[in-house]
Amino acid sequence: MREGSAADALRIFRKEVVGAARDRHTLLHTVAVPLLVYPLLFLGTAQWMVYRKGVEENATYRVLLLGDALPPPLGEKLVRAGGLGVERETGEAGKGGGGGGGGGEADLERARASLLRGEADVVLAPGESGTLRLYFDSGGERSESGRRRVERALEGAGEEARRDAAADRGFDPTELEVASVRREDLASPEEAGRRVLGALLPVLLLVMSVTGAFGLAVDVTAGEKERRTAETTLLLPVPSRAVFAGKFLAVLAAGGLASALNLASMLLASRAFLGGLGERSLAVHVPPASLALVLLVCLLFLASAVSLLLGVALFARTFREGQSYLTPLLTLFILVPMLAFQPGARLTGATALVPIVNATFALRETLEGSISPGPFLLALAAMAVYGALAFALAARLHARAELHLAEEALPLRRFGAWLRRPEAVA
Amino acid sequence: MSEDGAAIRVEGLVKVYADPRRGEVRALDGVSFACARGEVLGLLGPNGAGKTTTLRILSTVLLPTEGAASVAGHDCVEEPLAVRRSIGFLSANTGLYPRLTARETLDFFGRLHHLPEDRLGPRIETLLEAFDLREIADRRCEKLSTGQRQRVSLARTVVHAPPVLILDEPTTGLDILGASAAILFLQSQRAEGCAILFSTHVMAEAEKLCDRIGILHRGRILAIGTLEELRTRTGRRYLEEIFPALLSSP
Amino acid sequence: MNLGDVRLVFLREARDLLRDRRALFASLFLPALLYPALFFGTAHFRKAAEKSLENREVVVGFGPGAERIRFAIEGLLRRRPCRVLSGSFEPSDLAEGRVHAIVESSPAVPAPEAVVRFRSNSDLSAEAAARVGRALEDWREEARRTRLETWGVLPDPAAAFRFEAVDAALPERAGGALLGRLLPLVLVLVTISAGSVAALEAFAAERERGTLETLLVHPVAPSDLATGKFLAILAASLAAAVTNVASLGATVALGGAGGASHSVSLSALAGAFLLLVPTAAFLAGLLAEVSARARTFREGQNYVLPLSLACMVPGLAAFLPGIELTPLLALVPIGGTALAIREVLKGGAPLLPVALAGASATVYAALLVRRTGRLLDAERILRDEPPEAEASRAHLHSRRTLGATAATFLLVFYLGFPAQARDPIGGLLATLYGIVLPCAFLVARASGLPPREAFRLSALRPAHVLAAAALVPAAGAISGLLLRLQERFLPTPESLLREMAEKMSLDTISPSLALLLFAASPGLCEELLFRGAILRGLRRDLPAAKAVAISSLLFGAFHFEIHRLVPQAALGALLAALTLRAGSLWPAVLLHAGHNALVLFAGEAVSYLLLDPRFLVASALGAFAAFRLFARPGRDAA
């Protein structure tokens with residue numbers, strides 16, 4: 001780009017940015033929403049967990065003992081564990097458990113019936129060779145929690161029975177411990193915190209950056225046509241490439257701002273929140289250099305995303321039409337990071353070349369602080385190349401005056417044709 | 001029709017809006033006039049004079065604060081549906097459904113007027129012919145040019161052959177061809193015996209088309225009469241001069 | 001109502017929507033196409049990632065003195081790809097990546113301890129630690145059994161408690177449970193997203209285009225127009241619901257979720273859809289209400305976004321584990337339906353709550369739909385005002401007050417929380433005097449009130465002190481009783497009680513400091529903010545009851561703790577009523593401080609007193625007397 005047109009591009013950029021900044025709703029969405037959403041999200045989650053904890057602690061789960069499952073002295077141990085209401089049913093069921101086969105079927109039927117009717121949350125029946133069968137209902141809301149409590153109670157009761165038996169024979173029950181196992185995490189709270197960030201943030205950041213760019217991208221293309229200012233812009237004594245570059249920069253800035261704001265408020269909110277919880281094993285601290293790198297990755301990713309958005313939105317005549325044109329594209333940008341983001345997946349020579357996926361992994365490694373230099377640099381280079389390509393294509397489309405002036409709907413299928421035909425003098 | 005044969009009758013119309021900042025706003029302050037069948041009455045005035053409010057009260061979408069208005073003998077407050085059946089209403093910012101074709105547009109609005117099936121079909125064909133829409137009858141309105149759209153809107157306005165037309169600045173935003181088509185249309189409707197009330201701020205249009213002209217300013221009628229009567233009263237020849245003269249005279 | 005007109009309007013709206021192919025695609029078919037992609041894609045990727053982690057070789061080293069453990073578990077470790085290095089390792093070897101986990105032995109009482117060191121920020125290290133942990137547990141259990149045998153304790157007494165867990169749910173129920181988690185939320189989302197496209201098209205876009213004015217001058221009752229449009233919105237959302245139910249159902253049935261294919265009963269899906277209809281009507285009514293207020297499509301979108309976020313919260317009820325469908329929850333709009341749909345999909349749904357959910361949703365929808373007839377009020381729609389004017393007419397001062405209050409809450413969260421975490425006492429003082437107090441002035445300024453009028457702290461009079469003193473027992477009774485009452489629905493977990501007791505414990509700080517920290521300072525700062533700036537700001541353009549209710553709810557929320565929401569809000573209402581009655585802030589400041597002091601020094605005693613009817617009668621009498629002191633409201637209003 002010549003020097004003059006760079007200045008022109010900056011002028012267009014400034015105009016678009018000022019226009020966007022004066023729109024109250026744009027400001028509200030980019031600034032207020034991230035500031036509000038994260039505290040609400042964190043506080044909501046924490047309060048929900050406290051609520052559930054209170055409810056579970058105070059709940060009494062009903063256990064139905066079939067036949068001779070846990071005969072009286074053993075059954076008492078279960079009752080003593082607390083929080084369990086134990087009932088016993090003698091009768092047809094619970095007889096044939098030891099032998100397996102038919103009796104087990106009868107127990108299963110009986111258990112299923114009482115679980116479904118809500119008479120019990122967990123059913124215990126005699127199982128193979130003196131053990132138990134624990135029936136639960138994976139579809140029931142209470143049964144899953146009840147099952148966890150009963151399992152703990154059974155394990156505790158088993159331990160207690162062993163200690164009692166040892167003491168009865170005059171041995172020291174503590175010797176039964178043999179050994180204990182302790183796990184010790186050597187990762188510092190900061191490292192553990194960065195791992196959590198690396199798991200939570202990449203998808204969020206990419207989605208937020210694209211949605212942040214979305215509105216302005218539609219506005220400076222289709223919205224401009226709808227307001228009938230497209231013509232004015234077209235007639236400016238400025239090369240069309242500079243006009244496009246200015247718009248591109250403005251939309252890129254909007255997306256970059258959205259990711260920066262989301263990053264900042266997410267970090268601040270999680271720090272405040274962890275502080276409020278008194279949590280010591282996690283700490284949120286990301287060095288400034290890593291944060292800068294995170295923003296760089298976001299911008300490189302945005303470069304191709306923004307060019308694509310601008311290129312497609314050019315075919316719409318109104319803001320609304322632009323929105324419906326871009327929605328599938330937006331979905332793509334949201335879905336691919338979500339799908340690609342799986343535990344254990346890392347940047348490799350291959351994944352570094354896949355668009356969107358490379359940005360997702362690069363962000364994760366940057367946030368975690370576990371960058372593998374080769375693939376990482378390759379990913380950055382690939383993103384830059386894709387960005388430049390997308391920019392060149394979109395700029396070529398923008399150079400076509402008839403796209404800006406179209407009164408009639410432009411069918412997207414002519415996309416290719418618009419791209420092929422020689423550039424018009426704008 | 002009321003006893004004196006006036007198709008539109010407006011008496012002592014007052015409309016007060018409650019505005020949060022300016023307090024009470026009197027958009028209309030005692031407006032009275034009448035319009036007979038086969039007559040074109042033009043309401044002339046600057047923006048905010050109360051033209052649109054008057055027309056909207058006549059088309060029953062707004063209720064008057066005081067005063068009475070009737071159209072084709074039906075009271076605008078008491079019998080709004082009867083009034084709406086007898087008027088064709090068109091304003092400058094009237095739009096069309098972008099995804100309906102011209103024919104479907106006429107069909108939809110004809111049905112809203114409860115035209116019987118056997119009359120609706122022929123009526124639509126007549127209108128398509130009259131407004132030169134036959135070629136584009138099955139194209140969606142979003143694909144029509146501005147002039148074509150205006151013709152569809154005009155056809156839509158008279159789909160039920162109303163005895164009274166109420167037009168709010170019908171030529172605003174039209175090019176020369178479009179505007180003259182609209183004027184030709186008005187003349188033909190007058191010839192069919194329609195009472196036509198329309199507002200404009202294009203003086204030449206008013207001079208050419210109107211049997212009588214009412215000058216509206218700040219919610220009051222300053223003067224009403226034929227162009228000749230206005231000329232005699234002010235001693236000026238053209239509306240461009242008559243209008244300021246009336247404003248300055250007490 | 002003229003059914004022909006309604007039908008005509010409905011058909012036109014429907015045709016319009018069907019012809020907008022891109023919007024149709026985005027709101028109807030895109031979500032339907034997404035599930036297979038999302039489900040199968042996630043499952044595929046996750047399996048691949050897990051498999052690669054499971055089969056990766058981990059490197060394990062042993063610390064000094066852990067030879068015996070090494071000998072015991074080396075064989076067990078080899079069940080998976082694992083390289084056990086010889087030699088002795090230090091934690092630094094872990095940091096430098098030479099090994100993924102180190103096992104050390106430490107002589108602990110009563111039994112020696114095996115310590116597994118790892119780094120949770122590496123996937124392989126965490127995997128190695130998990131494998132080592134499993135091996136150690138197996139070895140330990142084996143050793144214990146051998147010891148029991150040598151003691152002659154045979155058979156193992158724990159065997160009677162050993163169990164095999166069996167899922168008694170039929171495969172349909174398992175599939176239904178999975179679908180029941182996802183579908184209600186998905187249904188709420190697509191109903192809103194498709195409905196909002198239709199609603200914005202039918203109201204906001206129609207107004208923007210100028211066709212609404214044309215419609216209104218036609219001989220059709222505005223209520224018929226609104227009804228036709230409402231039906232079009234409902235049809236659009238139900239159509240989206242059907243496609244999504246079908247797509248999600250097919251995805252789950254084909255095994256898109258978690259590998260195994262689940263059977264999904266068609267009749268259950270149909271039942272779920274039936275339950276959705278009244279709630280879809282309710283949502284359509286809400287959307288119509290909101291988009292009829294917008295002048296343009298874009299403005300309408302801005303209104304719809306918060307609405308859809310708000311509707312998602314109750315929609316989450318079925319997604320979150322552990323929420324049962326009770327008759328009370330069945331009455332919650334959207335939430336009750338979501339839970340009922342989940343139960344129906346699982347099969348064997350409890351009849352009464354499901355019926356209640358359906359019936360209550362129908363009632364809510366009917367109430368809302370009755371309002372839609374009035375939506376097309378020409379007087380409002382045709383008023384020529386800029387878009388903001390219409391919205392900003394109402395309650396300007398209140399909204400400014402609430403905006404400034406939201407900023408205060410954010411400051412407390414972003415600055416106060418970290419400060420209190422670093423230093424409980426200093427942080428609390430900094431929050432109260434550094435954030436809450438200045439923010440009280442900020443809120444007063446935003447509401448446009450001079451500080452003197454917002455705070456009313458000029459003359460302290462004996463009546464103020466008397467009233468505050470007389471009300472202290474009542475304040476204690478109100479918050480104490482509510483805490484006790486809500487325990488049935490909202491039991492407090494042990495850990496929270498302990499935390500609260502520790503925080504306000506008099507063991508670590510002196511009584512005078514405790515009074516300053518927990519009674520005097522909150523009394524002053526919080527009263528200036530809530531009963532000063534916020535209450536008076538809201539009172540500028542809201543009736544007293546509303547101002548009291550909103551300011552009290554905010555006061556409850558300000559404690560950032562769900563268990564304190566209701567008791568504190570009730571206390572706030574008492575303080576607010578007292579402030580308005582007395583025309584001064586002093587009684588509230590004194591009462592607040594007095595109440596906190598009571599809880600601080602006599603919390604236990606109050607909880608016993610609450611059971612004594614004499615105490616309750618005395619509290620009520622004190623409250624009555626206190627309010628009588630200010631018989632003429634606003635006597636000393638400035």
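Val181(A) stands opposite Ala114(C) in β4(C), a strand being a DSSP run of E with at least two residues and a helix a run of H or I with at least four, both numbered from the N terminus. The model is predicted: local features need pLDDT of at least 70, side-chain atom pairs count only at pLDDT 80 or more, and totals for chains, interfaces and linings use all residues. Residues are numbered from 1 along each chain as its sequence is written, while chains are lettered from A and ligands numbered from 1 in the order in which they are written.

**Strands of chain C**

**Overall form of chain C**

- Chain C has 25 helices and five strands.
- Its radius of gyration is 32 Å, well over the 26 Å that the globule rule gives for 638 residues, so chain C is more spread out than a compact globule. The radius is taken over C-alpha atoms, and the rule is 2.2 Å times the number of residues to the power 0.38.
- Along the principal axes, the C-alpha atoms of chain C fill a box of roughly 90 × 75 × 50 Å.
- Buried residues make up 45% of the 638 residues in chain C. Buried means that 20 or more other C-beta atoms, placed from the backbone, lie within 10 Å of the residue's own.

**Side of chain C that touches chain B**

- 20 residues of chain C are in contact with 22 residues of chain B, contact meaning C-beta atoms, placed from the backbone, within 7 Å.
- α1 (3-19), α7 (211-216) and α14 (378-381) of chain C each supply at least two residues of this side.
- α1(C) gives the most, with five residues.

**Strands of chain A**

- Five of the six residues of strand β1 of chain A (residues 61-66) are buried.
- β1(A) pairs in the parallel sense with strand β2 of chain A (residues 84-89) over six bridges, and Arg62(A) stands opposite Gly85(A) in β2(A).
- From β1(A) the chain crosses through helix α3 of chain A (residues 72-80) to β2(A), a right-handed β-α-β crossover; right-handed means that, with the strands pointing away from the viewer, the path from the first strand over the helix to the second runs clockwise.
- β1(A) also pairs in the parallel sense with strand β3 of chain A (residues 122-126), over three bridges.
- Here Leu65(A) stands opposite Leu124(A) in β3(A).

Key. Two residues are in contact if their C-beta atoms, placed from the backbone, lie within 7 Å. A residue is buried if 20 or more other C-beta atoms lie within 10 Å of its own, exposed if 12 or fewer, and partly exposed in between; C-beta atoms are placed from the backbone. Two strands pair if DSSP finds at least two bridges between them.
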